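Hello,

Here is the structure I promised to pass on. My notes follow below it.

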Amino acid sequence: MTDSQLIAFIDALPKAEHHLHLDGSPNWHTMHATDPDRFPEPPPSWDADFRFVNFEAFEGYIRAYAVPWLTSAERFAHTAHEVLETRAKENVRYAEVSFAALAVERSGIDIQETAKAIQDAFPANMETRLYIGMHHKAFETDHDGYLHQILDCDEINGIDLHGPEEFPLRPWIKQFWADAKNAGKLIKAHASELTGPTGVREAIEDLGVTKIQHGVQAALDPAVVKFAADANASFDVCPVSNVKLKAVPSMEEHPIMKLEAAGVTCTINSDDPLIFGNDLRDDYKIVADVLGATPAQLAQFAKNSFTTADWDQENIEAACKDIEAVLSEHTAD
Ligand SMILES: [Zn+2]
């Protein structure tokens, strides 16, 4: 396949996006057009060779670019609409997005109002789930009040654990993930992105989570990989982000192919497109370009993104069938 054939193939594949932070997704062109003085140039982190020194440096970018922009429920809603319209053009049929509890708390906007505005802004032709992402340190004020609000909010479909990783997990997290599960919420957690293999084991054992965000450093311990595979865990991996945040030493050493081969179901996702300058296509393409994934292997990652979706079986099967058809069509002589 030539480069342009590969791009056409990736674009044609039906896909699902499982790992997308609204706090890292405002549309740069909209920001620049609205406030060119404040946002004159795209973030330097768009450069392919850019590497963040550490996670704090990444958070500094979120504070510099996203926080001053996401000042209202409307801005969150508009962000969700724009990024998912972009994903729809990339043939994404199902998407899970999150918004950060800390950002909402700090900007003083209402969680329920924000969740409702985001839900209302989701494209009608896409199946969507809205998560709220919580830091290990949780809320700075009225912690219990916020947790009740989240459980009571019908517009919030699930909870995610993110921000700087801290293991062992704090007691409130274990309790809240159990409460959320009982309340019918979906649960996921970031783990083993930057702090070694332990996080994945803890997320599975202590939170009952099988939907891991990143999980790439689990590959450093074959016993944790086996544990995750035996638990039927899926890892929602973001290759471009993993390289720029140095979750992996280099793309050449990215473990996604090995994890998949070891029985961990992996999906390919984009994480924070405002900061990394990526579309979902870029994340699929780098797996083919650098790791040598074949079209059939990319198709398998696309299928995984549907088989791990919180969606009805009929739509999942239809998407997988369409993926097979795209694969045949693009690999026929
Ligand atoms: Zn993430």
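Start with Leu220: at 61% relative accessibility, this residue counts as exposed, because the cut-off for exposed is over 50%. Bear in mind throughout that this is a predicted model. Leu220 sits in the loop between strand S7 (211–214) and helix H10 (222–230). Pro197 is 23 residues away from Leu220 in sequence. In space, the two are 6.2 Å apart, C-alpha to C-alpha.

Now the metal site. Four residues supply the protein donors of the zinc ion: His19 (NE2), His21 (NE2), His190 (NE2) and Asp271 (OD). They lie 2.1 to 2.5 Å from the zinc ion. The angles among the 4 donor atoms run from 78 to 171°, and the site is irregular. Along the sequence, the donor residues follow the spacing H-x1-H-x168-H-x80-D. His21 belongs to strand S1 (residues 15–21) and His190 to strand S6 (residues 189–191), so this pair ties together parts that are 169 residues apart in sequence. Both His21 and His190 are buried.

Asp271 leads on to Ser241. A polar contact of 2.7 Å links the side chains of Asp271 and Ser241. Ser241 is part of helix H11 (residues 239–244). Its relative accessibility is 0%, so Ser241 counts as buried. Which residues does Ser241 contact, leaving aside its neighbours within four places in sequence? They are Glu193, His214, Asp271, Phe276 and Asp283.

Next, the sheet. It is open and is formed by 5 strands, in the order S1-S2-S3-S4-S5. The pairing is parallel. S1 and strand S5 (186–187) stand at the edges with a single partner strand each, so one side of each has no neighbour in the sheet. Further in, strand S2 (residues 92–100) and strand S3 (residues 127–135) run parallel and are joined by 7 bridges. Phe99 stands opposite Ile132 in S3.

Phe99 turns up again in the core. The largest nonpolar core has 106 residues. Phe99, Met134, Trp177, Phe235 and Leu298 are those with the most contacts inside it. Take Met134 as a case to look at. Leaving aside neighbours within four places in sequence, Met134 contacts a list of residues that includes Ala101, Phe139, Leu147, Ile150, Trp172, Phe176 and Trp177. Asp160 and His162 are also among the contacts of Met134.

Over to you.

Best wishes

Note on methods
Residues numbered from 1 in each chain as written. Predicted model: local features only at pLDDT ≥ 70, side-chain atom pairs only at ≥ 80, totals over all residues. Heavy atoms only, no water. Donors = N, O, S within 2.8 Å, 3.2 Å for Na, K, Ca; no water. Tetrahedral: all angles 85-135°; square planar, octahedral: opposite > 155°, others 65-115°. Helix = DSSP H or I, 4+ residues; strand = E, 2+ residues; numbered from the N terminus. Buried < 20%, exposed > 50% of the residue type's maximum accessible area, 1.4 Å probe, protein only. Pairing = 2+ DSSP bridges. Polar contact = N/O pair within 3.5 Å; in protein donor to acceptor, adjacent residues only side chain to side chain. Contact = heavy atoms within 4.5 Å. Core = buried A, V, L, I, M, F, W, Y, C linked by side-chain atoms within 4.5 Å.
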